[in-house]
Amino acid sequence: MFKIFAVVLFFGVCFIDVYCFVVCIFFFFKQKTAYEIGVRLVGSEMCIRDRIIEDSDNIVFFGGAGVSTESGIPDFRSVDGLYNQKYKYPPETIISHSFYRRNPEEFYRFYKDKMIFADAKPNKAHIKLAELEKQGKLKAVITQNIDGLHQMAGSRNVIELHGSVHRNYCEKCHAFYDLDYIVNSDGVPKCEKCGGTVKPDVVLYEEALDEDNMSRALQYISEADTMIIGGTSLVVYPAAGLIRYFRGRKLVVINMSPTQSDSNADLLIADKIGDVPVSYTHLRAHETDSYIVCRLLLDKKKYAVFCLKKKKHNH
């Protein structure tokens with residue numbers, strides 16, 4: 001017990017302000033019967049920025065649907081996601097390559113209604129990532145999303161693993177068509193030049209990911225000193241498998257639900273990515289197999305982030 005308290009005292013004096021330190025001490029004694037503090041991170045917004053972002057010169061962001069939900073674009077797997085809505089066919093069947101070939105009319109009816117959000121705007125997460133790129137900190141955004149919001153926010157080096165709704169090509173003559181052409185077309189969009197079917201440049205189920213994109217993503221991840229994983233549960237492969245190639249110093253995971261990388265994270269935040277940092281008026285906590293992650297408002301601009309490691313009890 002004394003050793004644990006000494007560690008907390010040391011980190012309190014060295015890295016965080018007095019308010020955050022007081023909260024940490026209080027929380028330590030409050031939870032001492034069940035948990036011990038994992039010193040991967042205890043700090044405020046300033047501590048997070050200084051200790052991870054400011055000390056990193058090669059950051060890579062790996063994101064998923066949770067990055068865009070705050071722009072009004074639903075994900076697939078949440079309670080309100082597409083997989084939990086009722087259609088004539090399951091969504092994962094409709095957006096498969098074989099279904100597209102067999103029934104392009106039904107595919108495009110669903111695609112235009114549920115996959116295109118032309119009025120969506122970048123949210124705080126998109127904008128912050130673009131700012132980090134301008135500062136020279138962020139080297140690449142690797143996204144599983146197809147909405148193009150990262151580019152709209154100003155990010156330039158974006159690797160779209162699953163393609164983009166903003167790119168569409170004739171399957172016969174390969175003529176390019178923008179999103180407006182697809183939205184304003186009746187039924188199955190046809191090429192104005194040759195009459196061929198215009199297909200979105202998005203990766204459907206049963207289709208392989210672009211090899212060049214995968215290779216570039218792997219290189220950026222393997223060379224990064226910090227990787228931020230945000231808004232993804234890391235269950236969609238082969239994209240999610242890329243994170244295994246990260247060998248850097250700091251791993252940040254920001255997601256509402258648990259992920260396979262939680263136990264390896266140096267900073268683990270169970271929250272919406274657009275809400276980090278954000279003011280809270282109460283304690284929020286998320287439990288994983290090994291950690292309790294908590295966030296508590298200190299004042300209007302600072303909050304404490306706790307990564308509490310569970311004690312192992314001998315039975």
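Modeller: Start with R101 and E171, whose side chains meet in a salt bridge at 2.8 Å, N to O. R101 belongs to helix α5 (residues 97-102), while E171 sits in the loop between β5 and β6, so the pair ties together parts that are 70 residues apart in sequence. R101 is partly exposed, with a relative accessible area of 46%. E171 counts as partly exposed too, at 29%. Bear in mind that this is a predicted model.

By the distance rule the count comes to 6 salt bridges. Another one links the side chains of K137 and D57, at 3.5 Å from N to O. K137 lies in the loop between α7 (124-134) and β3, and D57 in the loop between α3 (45-53) and β2, so this pair ties together parts 80 residues apart in sequence. K137 is buried, because its relative accessible area is 12% and the cut-off for buried is under 20%.

Next comes E160. It forms a salt bridge with R167, the closest N and O atoms being 2.7 Å apart. E160 counts as buried, at 6% relative accessibility. R167 is partly exposed, at 26%. Salt bridges that share partners join E160, R167 and D201 into one network. Side chains of opposite charge can pair when their charged atoms come close.

Now the sheets. E160 stands opposite T143, with E160 in β4. Strand β3 (residues 138-143) runs parallel to β4, and 3 bridges join the two. Both belong to an open sheet of 6 strands, in the order β4-β3-β2-β8-β9-β10, with parallel pairing. Its edge strands are β4 (158-160) and β10 (267-269), each pairing on one side only. Neighbouring strands of this sheet are turned by 10 degrees against each other on average, direction ignored. Helix α10 (residues 211-223) lies across β2 (59-63), β3, β4 and β8 (226-230). The helix α10 runs at about 135 degrees to β4.

A second open sheet has 3 strands, in the order β6-β5-β7, with antiparallel pairing. Here the edge strands are β6 (176-177) and β7 (198-202), and each pairs on one side only. Strand β5 (residues 163-170) pairs with β7 in the antiparallel sense over 5 bridges. G163 stands opposite V202 in β7. By residue range, R167 falls in β5, and D201 of the network falls in β7. E160 falls in β4. Helix α6 (residues 104-114) lies across β5 and β7, at about 50 degrees to β7.

N255 lies in the loop between β9 (250-254) and β10. N255 counts as buried, at 9% relative accessibility. A polar atom of the N255 side chain lies 3.0 Å from the backbone nitrogen of T232. The N255 side chain also reaches the backbone oxygen of S257, at 2.9 Å. Leaving aside neighbours within four places in sequence, N255 is in contact with G231, T232, S233, I269, A270 and D271.

Note on methods. Residues numbered from 1 in each chain as written. Heavy atoms only, no water. Pairing = 2+ DSSP bridges. Helix = DSSP H or I, 4+ residues; strand = E, 2+ residues; numbered from the N terminus. Axes fitted to C-alpha atoms, helices over the stretch in contact; angles between N-to-C directions. Contact = heavy atoms within 4.5 Å. Buried < 20%, exposed > 50% of the residue type's maximum accessible area, 1.4 Å probe, protein only. Polar contact = N/O pair within 3.5 Å; in protein donor to acceptor, adjacent residues only side chain to side chain. Salt bridge = Lys/Arg side-chain N within 4 Å of Asp/Glu carboxyl O.
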